[in-house]
Amino acid sequence: MIEYLSLLSNIFKLELVAALVATITFIKYRKTINFEASDYLLRFLWIGVFCEFIGHYPRYIDHIGIDKSDFFINNQKLLKNYWIFNIYSIVIYSIIVIYFKKQLKNKIFKKILTYSVYIFLITTIINISVTDIFFKAFSQYTDFTGLLIIICAISFYYYELLNSNDILKVNSSLPFYISFTLLLYYLSMTPIFLSSVFYTKEEVVFIKYYKSILSFGNYFLYGMFIFAFLRCYWFNKSPNTKSSLSSTL
């Protein structure tokens with residue numbers, strides 16, 4: 001186990017820190033937090049930690065040399081972790097949309113997002129079932145449709161925000177920081193995800209820049225999550241703490 005932990009990336013460690021900061025924050029401020037919404041944020045972070053941890057198994061397999069065993073010789077497709085992250089993407093996109101659905105008051109918007117998640121789940125599962133993408137690469141269909149429903153969910157959230165008094169409290173609003181971070185991350189990273197399928201491992205230059213951009217994007221994502229929790233809770237100096245905290249979720 002210690003040897004496996006030593007192979008984990010710095011991204012995983014930052015992801016773990018973000019999940020721990022979120023958990024500690026929600027425990028400390030549990031009396032003023034609406035767990036119906038924040039629970040999905042915790043799921044987003046901890047599922048990410050779990051999948052990132054499990055997803056390192058090809059590196060460990062290669063490190064200890066069991067990739068040459070009879071099992072992996074007969075199951076070459078398991079030497080890659082695409083299948084884990086294809087499942088992860090479907091789950092995470094759905095969780096993000098549900099999180100923002102929980103922020104909404106408009107029943108029509110909420111119903112649209114509910115149906116969108118159902119359609120997304122059904123079509124993505126069909127896509128990975130009828131194609132050979134599941135074990136071979138990241139699903140372009142999942143990433144593209146996932147981006148669309150995230151944009152839709154965040155757009156609804158911004159529309160309601162702009163038409164309410166909550167717009168005056170965005171500097172201490174956790175959903176606002178999360179929305180900005182996720183929107184910027186997926187708008188910038190999804191084209192990278194989509195283009196990766198067109199390149200092979202022999203194209204060293206692309207892979208080098210792909211990994212660098214992906215690392216930068218993940219540092220931004222989880223760094224901003226940590227900042228958001230600290231800014232909205234630990235460093236929130238509002239004189240009416242309970243009221244202020246309640247408005248952030």
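Reply: Gladly! Let's start with a cut-off: a residue is called exposed when its relative accessible area is over 50%, and buried when that area is under 20%. Keep in mind that this is a predicted model.

Me: Why is Val 130 called exposed?

Reply: Val 130 has a relative accessible area of 64%, and exposed means over 50%. Val 130 is therefore exposed. Its place is in helix 7, which covers residues 107–130.

Me: What makes Tyr 115, Tyr 118, Ile 119, Ile 122, Ile 126 and Val 130 a nonpolar patch?

Reply: Patch residues need over 30% relative accessible area and no salt bridge, and nonpolar side chains are joined within 5 Å. These six names form such a patch on the surface, with about 670 Å² of accessible area together. For Val 130, the 64% is set against the 30% cut-off.

Me: How many cavities of 30 Å³ or more does a search of the whole structure find?

Reply: The search finds one. The largest cavity has a volume of about 30 Å³, and Tyr 40, Leu 41, Phe 44, Ile 95, Ile 96, Tyr 99 and Leu 182 line it. Helix 3 (35–54) and helix 6 (82–101) are the elements that give two or more residues to this lining.

Me: What kinds of residues make up the lining of the largest cavity: nonpolar, polar or charged?

Reply: Seven are nonpolar, with no polar and no charged residues.

Technical notes
Residues are numbered from 1 along each chain as its sequence is written. This is a predicted model: local features need pLDDT of at least 70, side-chain atom pairs count only at pLDDT 80 or more; totals for chains, interfaces and linings use all residues. Side-chain values use heavy atoms; hydrogens and water are left out. Patches are made of residues with over 30% relative accessible area and no salt bridge: like charges are joined within 9 Å, nonpolar side chains (Val, Leu, Ile, Met, Phe, Trp, Tyr) within 5 Å. Accessible areas come from the Shrake-Rupley method with a 1.4 Å probe; for residues, only the protein chains shown count as cover. A salt bridge is a side-chain nitrogen of Lys or Arg within 4 Å of a carboxyl oxygen of Asp or Glu. Helices (H or I, at least four residues) and strands (E, at least two) are DSSP runs, numbered from the N terminus. Buried means under 20% relative accessible area, exposed over 50%, partly exposed in between (1.4 Å probe, protein chains only). On a 1 Å grid over the protein atoms alone, a cavity is a set of points where a 1.4 Å probe fits but cannot get out, and a pocket is an open set with protein on both sides within 12 Å along at least five of seven lines; lining residues have an atom within 4 Å of a point. Grid points are joined across faces, edges and corners, and a volume is the space filled by probe spheres set on the points. Ala, Val, Leu, Ile, Met, Phe, Trp, Tyr, Cys and Pro count as nonpolar, Asp, Glu, Lys and Arg as charged, and the others, Gly among them, as polar.
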